[in-house]
Each structure stands twice: as structure tokens, then as C-alpha cells.
Amino acid sequence: MVDGASRERGSVCCVTGEPKLRHVEKDVLIPKMMREKARELCSDKVQDFTKCCQETGFLMVIKCQQENAALKECLTAYYSDPAFYEECKMEYLKQREEYRKTGIPAKQKQQKLPTSM
């Protein structure tokens with residue numbers, strides 16, 4: 001039988017003292033955050049690859065191999081870095097805690113309200 005305390009919001013792992021993460025958080029939400037941050041950190045390579053693809057059209061598969069390889073290498077370096085995962089995990093946990101306190105998603109908080117004239 002499942003202990004009722006483990007279902008509580010904000011439950012903490014009894015062994016490590018770290019907040020528990022649901023499957024979807026570990027395998028979907030945190031990796032999504034990693035992808036978004038890695039794309040920002042590799043933005044120069046993303047722009048180079050995008051520019052190459054736009055300039056070459058259908059021949060991009062052949063002509064943009066170098067740019068694609070550089071982009072892939074940059075992104076993979078971040079995806080496979082345990083410290084980067086931990087950084088994104090801590091940022092996610094901070095956002096989750098803030099959401100649980102306020103009920104306002106982080107994305108909505110970042111959007112500025114329109115000002116009246």
C-alpha cells in the first residue's frame with residue numbers, strides 16, 4: 001500500500017532530503033528546459049545552421065553538414081553535462097515552488113502586462 005505522505009505536494013525524499021520529482025518532471029519537463037537553455041547558449045551555431053539552410057534550400061542536407069555537426073556537438077555537450085542537468089533541475093524546482101505558492105505559472109509572470117495610455 002502506498003503511504004499517503006508520499007502523495008503530498010512538495011514531498012521530500014527521506015534518504016537524500018531532496019524534493020521528489022515525478023516521472024514527467026524528470027523525463028520531460030527538465031529535459032525540455034535543458035533543450036531551451038542549450039539552444040540559447042548555442043545560439044550562434046543555431047543562427048549559422050539556420051542561415052545555411054535558408055541560403056541553400058533543398059541542398060541543405062549536403063551543404064550544411066559542417067554547421068549541423070557544430071550545432072549538434074554544442075547541444076550534445078550541454079545535454080550530457082550532469083552539472084547542467086542539476087542547474088536546470090534546481091531552476092525547475094524553484095519555478096515549481098513559486099507556482100505552488102502563487103498559482104501563477106512562471107511564463108505568465110514573465111509576460112509584461114499591457115500599459116494603458
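**Entry 1: ground rules.** I am working with a predicted model, where local features need pLDDT of at least 70, side-chain atom pairs count only at pLDDT 80 or more, and totals for chains, interfaces and linings use all residues. Residues are numbered from 1 along each chain as its sequence is written, and side-chain values use heavy atoms, with hydrogens and water left out.

**Entry 2: how many disulfides?** A disulfide is a covalent bond between the sulfur atoms of two cysteines. I counted a pair when the cysteine sulfur atoms were within 2.5 Å. My search of the whole structure gave two disulfides.

**Entry 3: C42 and C74.** I looked up this pair and found the sulfur atoms 1.9 Å apart. C42 sits in the loop between helix 1 (23-41) and helix 2 (43-56), and C74 sits in helix 4 (residues 65-79), so the bond ties together parts 32 residues apart in sequence. Helices here are DSSP runs (H or I, at least four residues), numbered from the N terminus. I then checked the torsion about the S-S bond: it is about -90°, so this disulfide is left-handed.

C42 has 0% relative accessibility, so I noted C42 as buried. C74 has 15%, so C74 is buried too.

**Entry 4: C52 and C64.** The sulfur atoms of this disulfide are 1.9 Å apart. I read -100° about the S-S bond, a left-handed link. C52 lies in helix 2 and C64 in the loop between helix 3 (60-63) and helix 4, so the pair joins parts 12 residues apart in sequence. C52 counts as buried because its relative accessibility is 8%. C64 is buried at 1%.

**Entry 5: pairing.** I numbered the bonded cysteines of the chain in sequence order. The pairing reads 1-4, 2-3.

**Entry 6: what about C53?** I found C53 in no disulfide. Its nearest cysteine sulfur belongs to C64, 4.4 Å away. At 16% relative accessibility, C53 counts as buried.

**Entry 7: C88.** C88 is buried, at 0%.

Key
Helices (H or I, at least four residues) and strands (E, at least two) are DSSP runs, numbered from the N terminus. Buried means under 20% relative accessible area, exposed over 50%, partly exposed in between (1.4 Å probe, protein chains only).
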